[in-house]
Amino acid sequence: MPTFNGSVFMPSAFILIGIPGLESVQCWIGIPFSAMYLIGVIGNSLILVIIKHENSLHIPMYIFLAMLAATDIALNTFILPKMLGIFWFHLPEISFDACLLQMWLIHSFQAIESGILLAMALDRYVAICIPLRHATIFSQQFLTHIGLGVTLRAAILTIPSLGLIKCCLKHYRTTVVSHSYCEHMAIVKLAIEDTRVNKIYGLFVAFAILGFDVIFITLSYVQIFITVFQLPQKEARFKAFNTCIAHICVFLQFYLLAFFSFFTHRFGSHIPPYVHILLSNLYLLVPPFLNPIVYGVKTKQIRDHVLKVFFFKKVT
């Protein structure tokens, strides 16, 4: 690839080194990562199969859960195979265009997952606060519009990041990326040109998606808690709150990891690089791994159908 004054001009490929500082133990780190991936894929696939074949689960709450499971499978699949190729088979090279595609897919599906969590919170808000209007508001057409909306929002807002890199950043200090996957800021930091526009737009997208969703999810649950605690019967309060526990757990683990990873990556200059990369990896791998476990344990309908799948023959 051509060089100019010690820089690399429009590189054809990048080298992903994995986790800087932990190269000697990456092969071992890959074992729990691959286990989380397999458990996540199996668990989320099982949720998809159960929801598809059980007509009683064809309601908004479980349709959103199916969307979340499909998103988790896709997100992990775009990350882990290449990561394990680096850790286990020493295949660090990735073409420039493939790197941009992976970056766009990862950030798009992160945004889609955030949008689905917002939709799930709104579903619980309507079901608990204005239950008589739930069936009217969450019609099949409205669910379709939500699915298209969160997908288009993610795709449209993340595409300009690729254009800014592709068209504006021509010279790079190196082609070695200190990361285990193609992350936006990890690529931008390699450029020699002024990257202020890239950084500002990256912050804008993060706050326009994650910030917006967190605010409205929080407001939804504030109103839900107010409504629940105003119910006269203790049993009714417990039943209403119990329908939200799984979503609250998923919401907390997704956004806490997201914001911790986001702020340490941008403002934690004193933190060792391997901590940044491990946090970024865990942010992407842990939610798809934990989500089916949380919903399987905390949601009675899912739990009952899982037990039915595995123990049906013994029962009969």
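**Entry 1, burial and surface.** I looked up burial, and 49% of the 316 residues of the protein count as buried (under 20% relative accessible area, with exposed over 50% and partly exposed in between; 1.4 Å probe, protein chains only). This is a predicted model, where local features need pLDDT of at least 70, side-chain atom pairs count only at pLDDT 80 or more, and totals for chains, interfaces and linings use all residues. I number residues from 1 along each chain as its sequence is written, and side-chain values use heavy atoms, with hydrogens and water left out. The protein exposes about 15800 Å², and 72% of that comes from carbon and sulfur atoms (Shrake-Rupley method, 1.4 Å probe; for residues, only the protein chains shown count as cover).

Along the principal axes, the C-alpha trace spans about 75 × 45 × 35 Å.

I took contacts between residues at least 6 apart in sequence, and 77% of them join residues at least 24 apart (contact means heavy atoms within 4.5 Å). For charges, I found the mean positions of the 21 positive and 13 negative ones 7 Å apart. Lys and Arg count as positive and Asp and Glu as negative, without His and the chain ends; each charge is placed at NZ of Lys, CZ of Arg, CG of Asp or CD of Glu.

I listed 11 helices and 6 strands (DSSP runs numbered from the N terminus: helices are H or I, at least four residues; strands are E, at least two). The unreviewed UniProt entry annotates "transmembrane region" at residues 34-51, 63-89, 101-122, 142-165, 200-228, 240-262 and 274-295; such annotations may be inferred rather than shown by experiment, feature names are shortened, and positions follow the numbering used here. I checked two of these spans. Residues 101-122 are 100% helix and 0% strand, with end C-alpha atoms 31 Å apart. Residues 274-295 are also 100% helix and 0% strand, and their end C-alpha atoms lie 31 Å apart.

Most residues other than glycine have a negative phi. I looked at two residues with a positive one. Met10 has a phi of about 45°, sits in the loop between strand 2 (7-9) and strand 3 (13-16), and is partly exposed at 42% relative accessible area. His90 has a phi of about 50° and lies in the loop between helix 2 (60-89) and strand 4 (93-95). I recorded His90 as exposed, at 65% relative accessible area.
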